[in-house]
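Open the model in your viewer and keep the selection tool at hand. This tour goes from stop to stop, saying what to select next and what is there.

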Amino acid sequence: MRIRVHGKNARPLAGFFTAAVLAVGAALVTASPAAAACSECPSGRACYFVDSDGTGDFDHPTACGNFHLRSYAGRISSVKTHGNAVQLRDVNQNPVGYVGPWTSTNLSRAENDKAHWFAVIC
């Protein structure tokens, strides 16, 4: 059986293929995780990122105090602070790093992937 793709029937068929290609492309774009950037850190918060330069997965406490990093424990590579300093602490609560207020920085080799606790100092 032959399918007619030119003439009157070409436009609906072309529209169908265009829509299918766009739908697949949109699915591929939304399936890949978007990398965070320092600019996504909410104003007034101290954010921690799993990758350097304030990229990758990130989170932030919503108050002052000492917070366990849960799934981010041992994975933090950069920090951005909006006004409050933070202290990074290892699994035993020993200090492993400090980031001052109004700072965006990569952690040093000694600090990288060591923090299990994130203390927001107010």
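**Stop 1: a facing pair**

Select Leu 88 and Phe 118: Leu 88 stands opposite Phe 118, which belongs to strand S8. The model is predicted, so local features need pLDDT of at least 70 and side-chain atom pairs count only at pLDDT 80 or more, while totals for chains, interfaces and linings use all residues. Residues are numbered from 1 along each chain as its sequence is written, and side-chain values use heavy atoms, with hydrogens and water left out.

Strand names follow DSSP runs: strands are E runs of at least two residues, helices are H or I runs of at least four, and numbering starts from the N terminus.

**Stop 2: the sheet around that pair**

Now select S5 and S8 (residues 117-121). They pair in the antiparallel sense over five bridges. Two strands count as paired if DSSP finds at least two bridges between them. Strands of a sheet pair through backbone hydrogen bonds, either parallel or antiparallel.

**Stop 3**

Move to Gln 93. This residue sits in the loop between S5 (85-89) and S6 (95-99). Most residues other than glycine have a negative phi. Gln 93 is not a glycine, yet its phi is positive, about 75°. Its relative accessible area is 29%, so Gln 93 is partly exposed. The classes use a 1.4 Å probe and protein chains only: buried is under 20% relative accessible area, exposed is over 50%, and partly exposed lies in between.

**Stop 3: the other four-strand sheet**

Select S2, S1, S4 and S7. In that order they form an open sheet with antiparallel pairing. S2 and S7 (104-106) are the edge strands, each pairing on one side only. Here the twist averages 25° from one strand to the next.

Focus on S1. Five of its six residues are buried. Three bridges join S1 to S2, and four join S1 to S4. Both pairs run antiparallel. Pick out the facing residues along S1. Tyr 48 stands opposite Asp 59 in S2. Asp 51 stands opposite Thr 55, also in S2. Phe 49 stands opposite Ser 78 in S4.

**Stop 4: the hairpin turn**

Select Asp 53, in the loop between S1 (46-51) and S2 (55-59). The hairpin of these two strands has three residues between them, and there Asp 53 takes a positive phi near 60°. Is Asp 53 buried or exposed? With a relative accessible area of 55%, Asp 53 is exposed.

**Stop 5: Ser 78**

Finish on Ser 78, in S4 (residues 78-81). At 1% relative accessibility, Ser 78 counts as buried. Its side chain reaches the backbone oxygen of Asp 51 at 2.6 Å. Leaving out residues up to four places away in sequence, Ser 78 touches several residues (heavy atoms within 4.5 Å). Among them are Tyr 48, Phe 49, Asp 53, Thr 55, Thr 105 and Leu 107.

Conventions: A polar contact is a pair of N or O atoms within 3.5 Å; within protein, one must be able to donate a hydrogen and the other to accept it, and residues adjacent in sequence count only if both atoms are side-chain atoms. Axes are lines fitted to C-alpha atoms, for helices over the stretch in contact, and angles run from 0 to 180 degrees between N-to-C directions.
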